[in-house]
Amino acid sequence: MSSETNSSLRFKVVIPRLTLTILHDEVVENDYGSTKYELGLSGSYRVKSRLDTSNQNIRVDGLPTWSPVTFDLYPIVLCGDGSPWYEANLWILSTLQNKLSPNMRTFDCIASDLAAYRQFIEEYNIDWLQFPSHKQNRPIHRFNGRLKYLIQNQEVAASTAKRRIATVIRFYRWLVDENNFQPQYEPWKDSERYIQLKSDYGSQVYKKVKTTDLNLSSSKEHNPYDDFIDDGGKLRPLSVKQQEWLVDSLLKLGNTEITLIHIFGLVTGARIQSILTMRVRHFYAPKVDDVSNFVRIPIGLGTDVDSKNGKKITLWVPVWFYRILHTYVNSERAISRRKKAFGGEIKEQYLFLTKYGTPFYDASNTNFAEFRKIRHSKRGQAIRQYITDYILPYIHLNFDKHFHYTFHDLRATFGMNLLDELLQLAQNKEANLNDILEYIKVRMGHSSLTTTNRYLNFRKRTNLIRVAQSSWEDQLSVLADYALHSLND
């Protein structure tokens, strides 16, 4: 963590739960739904929830009933003296209230971006509401320059810097549109341009986007022959040999949960949030039909299992692995962990828990009301830490000291394993390539074949590189042998 990140931490705090209230003027001792707070010699006051549960859940503040009144793990942006930054917090709250099911992790990032901006303007004694005529003296342009400096010194990732400046721009836009903020001079210059995209069917489409003169450009050289696949991030499939290293390390280390979680990723291609929010009830049935060789489990919005952006897809779990998980669910080890967990021995309990009975990952529908001391959510940190502390050191010591992987790479590994297996059918004329790609698309939950095609293109690239390297090295080998023999001349 950089010093820049450390210093901005004091400009943000997360509270376990925020309930929106209004001041309640009527001083009635037994008034339903209100809470009295004493102010010592100054008297007292009462507050009441903005959702009147005693009157058909009517909102007393005029907002629609679907607008949430409670938020778990709520971020608050602070000033340097510890007081809340009024305008920034008002923007966050107003944005939250317009969303039916807000993702608090997203808003935590927004608060972090604003905290970094607040830390910057206080450190350099900048009036964030003053926009003088000279562009480089305007607060947001100075912040943009600071971010460029941090990128150059590798203190902040370019992606993080871009997100920060975009958040601050949206904040100022809201101030202008909703709060009648009128800067002396325009905060930035807006322009429009068209970007070229590919539709789900492979055709070229153009989208109009609004840009500003504050955009941070990070010129990365695009290498079409790198060893990554773009599938919700840069993923690197593990080779067969690397998969063998991984399996060997898991066997030697002997952690049951970590092993099953890794196998789950390798045989389904599921993302970490989906695996770690699976429930006991999904593997409670002792018998399954062997006809299809798979047990299909719906995940995403409307289920207890998270998926990326809540997308509704189906996980295909091989029958043999389902039975292993069914055995695990009924093992003394798993039962012991569930008994320590909040909720205890119930079918809605998480499939995988730590030895303390805590989740590895908090599902998006988690109610944190019972965990008021918690100020952060579980997002698979324990899995990543185990990889860093145990799996990678074992592989470095026994196989390859330069090897590295992330859990997300298992998704790409599953996709490549499936593709390589099915390409054998295409070579034997037992299936055509389009059907194979469509099947992989379904198994991996891709929205379009464009993403699935990246796996096929990756295999073509690696085969091309392998053939080219082999041919070139054959020539070099002949030349090297000639040079070696010439030593005797």
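In this predicted model, helix 13 buries I436, L437, I440, K441, R443 and M444. These residues cover an arc of only 165° around the axis, which puts them on the same side of helix 13. The helix runs over residues 433-444 and has 12 residues. From first C-alpha to last it reaches 16 Å, close to the 16 Å expected at 1.5 Å a residue.

Both ends of helix 13 have local features. At the start, a side-chain oxygen of N432 comes to within 3.1 Å of the backbone nitrogen of N434. G445 follows the helix, with a positive phi near 70°.

The protein has 14 helices and 13 strands. Of its 489 residues, 42% are buried. Its accessible surface is about 28,400 Å², and carbon and sulfur atoms hold 52% of that.

The whole structure contains 13 salt bridges. Among them are these:

| Pair | N to O distance |
|---|---|
| R118 and E122 | 2.8 Å |
| E186 and K189 | 2.9 Å |
| R333 and E257 | 2.7 Å |

R333 lies in helix 10 (residues 332-340) and E257 in helix 7 (residues 256-268), so the pair ties together parts that are 76 residues apart in sequence. E257 is buried, at 1% relative accessible area, whereas R333 is partly exposed at 36%. Shared partners join E257, R333 and R337 into one salt-bridge network.

R118 and E122 are four residues apart in helix 3 (residues 104-123), which means about one helical turn separates them. R118 is buried at 13% relative accessibility; E122 is partly exposed at 31%. E186 is also partly exposed, with a relative accessible area of 40%.

Notes
Residues numbered from 1 in each chain as written. Predicted model: local features only at pLDDT ≥ 70, side-chain atom pairs only at ≥ 80, totals over all residues. Heavy atoms only, no water. Helix = DSSP H or I, 4+ residues; strand = E, 2+ residues; numbered from the N terminus. Expected span 1.5 Å × (residues − 1). Buried < 20%, exposed > 50% of the residue type's maximum accessible area, 1.4 Å probe, protein only. Arc of directions from axis to C-beta. Polar contact = N/O pair within 3.5 Å; in protein donor to acceptor, adjacent residues only side chain to side chain. Areas by Shrake-Rupley, 256 points an atom, 1.4 Å probe, with all protein chains shown as cover. Salt bridge = Lys/Arg side-chain N within 4 Å of Asp/Glu carboxyl O.
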